Number of protein chains: 4
Amino acid sequence: MIIQLSEQITATQRETIISCVLKLGYKPNDVTTQKGRYIVGIGKKEFDIRMLGSMPGIVDIHRVSDDYKFVSNKWKVNRTVIDLGDGVLIGDGSLAIMAGPCSIENEKQIEDTINHLKENGVGIMRGGVFKPRSSPYAFRGLGIDGLKLWYSLARKAGIKIVSEVMQVSQIEEMVDYVDIFQVGARNTQNFNLLDELGKVDKPVMIKRGISGTIDELLSSAEYVFSAGNEKLMLCERGIRTYERASRNTFDINAIPILKEKTHLPIIADPSHGVGIREYVEPVALAAAVAGADGIIYETHQKPEEAFSDGQQTLDFAESARMIQKLNKVRQLLTSY
Amino acid sequence: MIIQLSEQITATQRETIISCVLKLGYKPNDVTTQKGRYIVGIGKKEFDIRMLGSMPGIVDIHRVSDDYKFVSNKWKVNRTVIDLGDGVLIGDGSLAIMAGPCSIENEKQIEDTINHLKENGVGIMRGGVFKPRSSPYAFRGLGIDGLKLWYSLARKAGIKIVSEVMQVSQIEEMVDYVDIFQVGARNTQNFNLLDELGKVDKPVMIKRGISGTIDELLSSAEYVFSAGNEKLMLCERGIRTYERASRNTFDINAIPILKEKTHLPIIADPSHGVGIREYVEPVALAAAVAGADGIIYETHQKPEEAFSDGQQTLDFAESARMIQKLNKVRQLLTSY
Amino acid sequence: MIIQLSEQITATQRETIISCVLKLGYKPNDVTTQKGRYIVGIGKKEFDIRMLGSMPGIVDIHRVSDDYKFVSNKWKVNRTVIDLGDGVLIGDGSLAIMAGPCSIENEKQIEDTINHLKENGVGIMRGGVFKPRSSPYAFRGLGIDGLKLWYSLARKAGIKIVSEVMQVSQIEEMVDYVDIFQVGARNTQNFNLLDELGKVDKPVMIKRGISGTIDELLSSAEYVFSAGNEKLMLCERGIRTYERASRNTFDINAIPILKEKTHLPIIADPSHGVGIREYVEPVALAAAVAGADGIIYETHQKPEEAFSDGQQTLDFAESARMIQKLNKVRQLLTSY
Amino acid sequence: MIIQLSEQITATQRETIISCVLKLGYKPNDVTTQKGRYIVGIGKKEFDIRMLGSMPGIVDIHRVSDDYKFVSNKWKVNRTVIDLGDGVLIGDGSLAIMAGPCSIENEKQIEDTINHLKENGVGIMRGGVFKPRSSPYAFRGLGIDGLKLWYSLARKAGIKIVSEVMQVSQIEEMVDYVDIFQVGARNTQNFNLLDELGKVDKPVMIKRGISGTIDELLSSAEYVFSAGNEKLMLCERGIRTYERASRNTFDINAIPILKEKTHLPIIADPSHGVGIREYVEPVALAAAVAGADGIIYETHQKPEEAFSDGQQTLDFAESARMIQKLNKVRQLLTSY
């Protein structure tokens, strides 16, 4: 159960509610987010919701049978909208586009990308400064200095930033220079990282694990929410299967399934989802038509010279063409 | 290598060609289809294609490095179009729709479905009369009598029939009563069945194996083609993965990948691909926008009373709505 | 429910039983095997087993909640023993060894293999004469003539034969020349083939599907049993996963799980299970210690010259060494 | 390439070596571990190893074509032995046994477990104090205080401790109270954690990722080694597949494959590998016979009352019986 508390609740009222929750056989957990105060009760027993509903200090109460609670749309029917400021919204019915290189490389590359995004009406730039790499000897990104440089150029241009945070200690370093913290596929179940991201007032996008289930992704989001941060979105980026003709298998089913299970915005990453440049566009269009709230993909001035992921990176001409098509698909969706 | 022979080729010319192929270190295989006569040479050695190209009796010759030859678009650039007669075409740029129940049940059900298809401009009806079932005690279909009944009603209405053939002995029984033989996901690598379907002049649609790779699907098609039947199409129907939130994982990547690897029409089956009624529509739309040449799905007057697969079957209202949306997506694709 | 009928049952008694089964809400299926007559009732309702138990004509009755019935050890606690004659037994507590080439190639190869088996006390020879191959252009086996040659040499030497049957029409051709029909991994759910093998009085070994579940394997066995053939064994041969360091992932868990779910003998195929020559021995030993009733593996006089599967085939020295170790492991199991 | 440097190397000699490495087109990385100083050169060009081999300051040099270098047995043929003190060794040819509960719960439980281990000659106790849990509302372990309590009891009894570290900040907290840091399956690619564990002089056991490949596991080990810690072992604990009859699919193939690819000790975790209590023993025996250097499993005084993982936890009687059988298997291996 999720009990939303009144802002004016007294300590005594709170205690009375908690002891009632305990009496019902539920374990109460305090949750305070940017948007409200809650008690989430964990348990499985049947109870009469009216017993709690009328108690002073309670604004609202919902039964949620899913393993995850706050991110379930059994609790919240209205879809979550993430407002990045300057009119950049995610989950409001528009199709959010986030594009940029796999790795941030240098000033010239950042500027080229920003110009490309501006020309095509894209408001959010992706890019990695801390790169998770299978091999310890591979390029691990420009680090915090790269992020600061990127930030100064992006802010001037009015472009928002999404970038991956790999560990707890990076949160504080990065927080003033990103608009969205990305949790990568290898960290979907890095629970300490999720806990700490719950304490920050900054949007978080969680990628599905490399072979993560849909339910695990939702439970990971529950970590962040229950630690205090409601500004959340989820990203389908392909799963690991036996098929070798593509890098991953983009799970198109996950788009409508997630849209039905949660009120959070659902983003699709076709670049990692298929992993081969020439197939990124059809997969992106498919995700959009299946209901994704946004598309995140890799683009680079010269993909063949990119520090990483060149084989799945669009050049700017391909990127521009794809944006045009995505916009047409979005129009179609609103015209049905 | 694939050598297309002239219709007027003499026996001597043929022998000369074969001995030349052998000399190049290639194993020659004779192939005669409805559309032509070929020698396909299997081997890996380098050779000068001009050595063969100028020999009398040869119309055309191509080097094909893929493991499959005839179904590769390294051999044939023009996409294959399947003509079912009465203006029903597959692979011509239109979106072919094939709809109907999982199992053919009775006359009333057939008539209801035919009416639904006619009202919505659908030219091909799917349905099973021989049903592969995991349990020997489950309903195995109405058999050949069910097919004959269905055929008589469908022909009157001008509706084409696609139905699954499970074993060699059924081919002859069924051949006069189907327009497309479907090879099911459990028979994708039933090589004897594929061989025999190669000897029939009737279109064949091969479903991808339950955990079949894209390359295995193409090799299965090569079986049918090299045994004499060029009227082939392939069907993506979801693969088996660890994810349990859907019945299968529809491999959206496979649509553009197959379109690039082969000239054969690619059909998508969202019903099996996701396996849950409410998600069939978004997956179908995704497949269409990703480039599928056709959509095959399950619909039933009363899905909750269907003999099989009710949980993934659309009712007629849902089906009609989906057809409308599919048509809009198709229009969009031609408008880019 | 499974009702074992008396041999002396009268037609009236049988009808009375059937109508009682129907009244309980169960669908009765007649089953006659080499070993008995049964009615298997399919349904889910609760019933008092004593209502049926005391009826004339009934020898025994069991409730079986699994989806498969006859192959469940909820029905039959005593483990099935397959007797191939001449003292060659499978499932009697000894470790059955079946070894030989992937493909039968010629007389010399057969003789070499037979000699190797005789020298090492192995009673069963494996080999393919009908080969399922992904590509239509690959070697498909020597066919029935190869089998007859093999049979004449093996019989003289007192060696039993296990060989794959790929389609219904081959059953009659092969039946006099094999001791065990093998159903390959691509045919585990070829239900027509399973049905027909149920009508033959010859042992059948069913391999697990390429990505088949344990339950599907048991249901496939149920097909053969319920069609009349109790002489059945199952074979774990590795499943398809994302891991590329081995050809398949041998599912060692499946050995004890199958042993607990069914009374049928469980055979392990380490050659396909790992697919790399140097790892066949440790996987075979692992399967034996985990409880397998038999091991089937590929061996060849000169693996590097084998027509197929050479990379996973042991030479005779490796094979002899492995047999010795397997025998020691078997001794260990009886010594605990 | 891996260049082992002399302890007496001068700065000038080092610079000369590095510039030579650079000239060969290789990127040099400095590595200092507890056991030596190295330069690992990353690159793919051919070179004459003698050009470097004779330079002053070099003890030894190896070409290593694998993506991982230090953990490859192309570099180091002698198997790594981990010495925990008091005669407790891992990788020396004996079978190391690590047993204990999923979660450390209280003093009584710790004492019971220690007594059980002592009685059965087991030198290492497993247990979690920081528990990674999919749901934020589940029990997350007793934390550092639980570890300290456990440590004081274990030290008295001469029992070594292996316990999971979930994040960088826990390393310092835990380092004085554990004998082996365990990296869990959800952290196999938590590269920051791996880097930091490389700076500690304490053995590390890395579990294979939930759907991690064998190569990824080796690359994760390379992180720890190249950051300075050679005291490493790897653990196969089952992978995620489509099969639902077991919790995971224990990859028995991985045991001999890892033993061939790396010199590090290989541990098997049958508890997570199959996830069902009654099948833990056969899987453990299988892993031992396939070559594992150690077995880690869950045991509890009363599995049905365990805070977590009770369904896969052996009681003490089962545990004792399994230890006896494991010892017999180990004897067998040395008797071949």
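**Cores, contacts and symmetry in a predicted complex**

User: What makes the largest nonpolar core a core, and which residues have the most contacts inside it?

Analyst: The largest nonpolar core has 187 residues. Those with the most contacts inside it are C:Ala284, C:Ala286, C:Ala287, D:Ala221, D:Ala284, D:Ala286 and D:Ala287. The term nonpolar core means a set of buried Ala, Val, Leu, Ile, Met, Phe, Trp, Tyr and Cys residues joined through C-beta atoms within 7 Å. Buried means that 20 or more other C-beta atoms lie within 10 Å of a residue's own; exposed means 12 or fewer, partly exposed lies in between, and C-beta atoms are placed from the backbone. Alanine is on that list, so these residues can be members. In chain C, helix α10 (residues 277-289) gives the most to this core, with 9 residues.

This is a predicted model: local features need pLDDT of at least 70, side-chain atom pairs count only at pLDDT 80 or more, and totals for chains, interfaces and linings use all residues. Residues are numbered from 1 along each chain as its sequence is written, while chains are lettered from A and ligands numbered from 1 in the order in which they are written.

User: Which residues does C:Ala287 touch?

Analyst: Leaving out residues up to four places away in sequence, C:Ala287 touches C:Ile252, C:Ile255, C:Ala268, C:Pro270, C:Ala292 and C:Ile295. Contact means that two C-beta atoms, placed from the backbone, lie within 7 Å. A second, separate core of 186 residues includes A:Leu5, A:Tyr68, B:Ile39 and B:Phe191.

User: How do you know that chain A is predicted with confidence, and what does the predictor give the complex?

Analyst: Chain A averages a pLDDT of 96, and 100% of the residues score at least 70. pLDDT is the predictor's confidence in each residue, from 0 to 100. The complex gets an ipTM of 0.95 and a pTM of 0.96.

User: How many residues join chains A and B, and what classes are on the chain B side?

Analyst: 33 residues of chain B are in contact with 33 residues of chain A. On chain B, α7 (214-226), α8 (254-261), α10 (280-289) and α11 (316-335) each supply at least two. α10(B) gives the most, with 5 residues. Helices here are DSSP runs (H or I, at least four residues), strands likewise (E, at least two), numbered from the N terminus. The chain B side has 20 nonpolar, 7 polar and 6 charged residues. Nonpolar covers Ala, Val, Leu, Ile, Met, Phe, Trp, Tyr, Cys and Pro; charged covers Asp, Glu, Lys and Arg; the others, Gly among them, count as polar.

User: What makes the relation of chain B to chain A a two-fold axis?

Analyst: A rotation of 180° with 0.0 Å of shift along its axis superposes chain B on chain A, RMSD 0.0 Å. That is therefore the relation of a two-fold axis. Of the residues of chain B, B:Ala286 comes closest to the axis, at 2.0 Å (C-alpha). The same surface serves both copies: 100% of the contact residues of chain B recur in chain A.

User: Why is α10(B) called mostly covered?

Analyst: Of its 10 residues, 10 are buried. Among them are B:Glu281, B:Pro282 and B:Ala286. After α10(B) comes B:Gly291, with a positive phi near 115°.

User: What do the buried residues of α8(A) pack against?

Analyst: In α8 (residues 254-261) of chain A, 7 of 8 residues are buried, including A:Ile255, A:Leu258 and A:Lys259. They pack against α7, β12, β13 and α10 of chain A together with α10 of chain B.

User: Why is D:Asp309 called buried, and why is D:Asp86 called exposed?

Analyst: D:Asp309 has 20 other C-beta atoms within 10 Å, so it is buried. D:Asp86 has 11, so it is exposed. D:Asp86 has a positive phi of about 55°, and D:Asp309 one of about 60°. Neither is a glycine. Most residues other than glycine have a negative phi.

User: What makes B:Leu332 partly exposed?

Analyst: B:Leu332 has 19 other C-beta atoms within 10 Å, so it is partly exposed. B:Leu332 is found in helix α11 of chain B and touches A:Lys328, A:Val329 and A:Leu332, not counting residues up to four places away in sequence.

Note on methods. Copies are superposed by least squares on the C-alpha atoms of residues with pLDDT of at least 70 in both.
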